[in-house]
Amino acid sequence: MNIAIIGSGYVGLVTGVCLASLGHQVICVDNVKEKILKLKKGIVPIFEPGLESLMREMMKKKRLTFGFSIKEAARKSTAIFIAVGTPSKKSGEADLTYVENVAREIAASMDSYKLIVEKSTVPADTGNRIKRTIMLNLSKSDKTKKGKIDFDVASNPEFLREGSAIEDFMNPDRLVFGVESKKAEMLLREIYKPIKTPIVVTNINSAEMIKHASNSFLATKISFANALAQVCDRVGADILKVAEGMGFDKRIGRSFLNAGIGYGGSCFPKDVDAFIRLSEKSGYHFNLLKEVRNVNEQQKAAFLQLIEDKLWIVKNKMIGVLGIAFKPDTDDIRNAPALDIIRALQHEGAKVRAFDPQAMDQAKKVLKGVGFCANAYSVAKGCDALLLLTEWEEFKNLDYQKIRQSMRQPLIFDGRNMLHEKELSDSGFEYYGIGRGRVL
Ligand code: UDX
């Protein structure tokens, strides 16, 4: 099928590349010229394992192209996926300006049937608003048929995670089709035909809610684990064992129960805010989610308090940071808890050195006064404390003996519970994890 993807950010690009690999003819569009020029050269502007090679393969097979013009892309495609950004307004509400603009442009260029699929995370009822916008603007392009061009709007939320985006796209737990006609459902079934997974077919508003509900539930699970971790520390329990014990219960499951310094990234913080706001506007005060957000903020504050407590005087201390990205296997630092933690320590007068395997370029743009190092060993040298803030696999296998010897004080704060407490303690470190039963 000929498919256009409008918006070549994280979701748009992964969707485009993966749909091409399913056998479709895909054109990805973006209004940022430099981005498209890079993509045309086969360069992916973000770090996502496997994406660049698959993209180049699809370009070589001539199944994937890039362009600037929505009009051109929309004209030659049967299905048009909207994957533009939905940033947060000050109120937390999603800003849908880009979605509206794209809908208007699609309408102005439509000359035959189109299936318009919303992929961006949007508040419930956005699909209906897209439909209305298209109706209102359609007649402009449709001089001969007098506004009678047929089209469908559908919601097909994406659940992919950064760092495993291709795998998540190709092997999803489910597909969700929010549709209003059999034709739209059949087209979506055809698009995803090679993917074998349960398909939930529903109306557009329910599909939009599924996305909100899933992300908010996952954020709730993380905050629940983080709140538990706080209690674990106070009563001498170990959150790792508690999560393991809970996780075997099939009704609960072990995933997303990792306590740490809180969730970050481009989705959870923004989506939780947007859902709280959406609920509020609808007349329901989703206090449970407000508390999820509070717990997430408190987690960073508690971590900082612990560091200050153990370090005694923070001012002029040298603090080493391992990991800045909001999670491993990505160079994304949007809402990364590491940023807040680093800035707060600097505010207290600490000097900070840092290393991240992929996110250094991004971090240099937003962090001032940080000494960026070439590797973990240079970070640790002469430090009064070492913080592990992103659980990159390579940090597991460092020579911690060597690190301890090079540090001024053997203090290690593991914000992701990734390191082996006993081994580190045995080799002379004072180790602090999150919720490991410190008994405060
Ligand atoms: C998330 C959703 O998982 C995905 O379905 C949706 O489409 C987009 O948002 P992503 O933001 O890429 O994906 O990453 P994810 O792996 O879900 O992690 C989000 C944040 O939660 C990270 O900061 C991570 O460190 C944190 N996290 C995750 C925890 O603190 N504990 C956990 O147990 C799991």
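Select Val-235 first, a residue of helix H9. In this predicted model, Val-235 has a relative accessible area of 57% and is exposed, because the cut-off for that class is over 50%.

Next, show helix H9 as a whole, residues 204–235. With 3 residues, helix H9 supplies the largest share of the shell around the ligand.

Now select the ligand and the residues around it. There are 18 of them, and those that come nearest are Phe-159, Glu-162, Asn-258, Gly-264 and Lys-327. Colour the shell by residue class: 9 members are nonpolar, 6 are charged and 3 are polar.

Zoom in on the oxygen atoms of the ligand and display the protein backbone. At Phe-159, a polar backbone atom is 2.7 Å from a ligand oxygen. At Gly-264, the distance from a polar backbone atom to an oxygen of the ligand is 2.9 Å. Phe-326 also places a polar backbone atom by a ligand oxygen, at 3.0 Å. On its own the ligand has 660 Å² of accessible area, of which the protein covers 92%.

Finally, colour the chain by domain, with domain 1 as residues 2–202 and domain 2 as residues 268–432.

Key
Residues are numbered from 1 along each chain as its sequence is written. This is a predicted model: local features need pLDDT of at least 70, side-chain atom pairs count only at pLDDT 80 or more; totals for chains, interfaces and linings use all residues. Side-chain values use heavy atoms; hydrogens and water are left out. A residue is near a molecule or strand if one of its heavy atoms lies within 4 Å of it. A polar contact is a pair of N or O atoms within 3.5 Å; within protein, one must be able to donate a hydrogen and the other to accept it, and residues adjacent in sequence count only if both atoms are side-chain atoms. Accessible areas come from the Shrake-Rupley method with a 1.4 Å probe; for residues, only the protein chains shown count as cover. Helices (H or I, at least four residues) and strands (E, at least two) are DSSP runs, numbered from the N terminus. Ala, Val, Leu, Ile, Met, Phe, Trp, Tyr, Cys and Pro count as nonpolar, Asp, Glu, Lys and Arg as charged, and the others, Gly among them, as polar. Domain bounds come from an automatic or database domain assignment. Buried means under 20% relative accessible area, exposed over 50%, partly exposed in between (1.4 Å probe, protein chains only).
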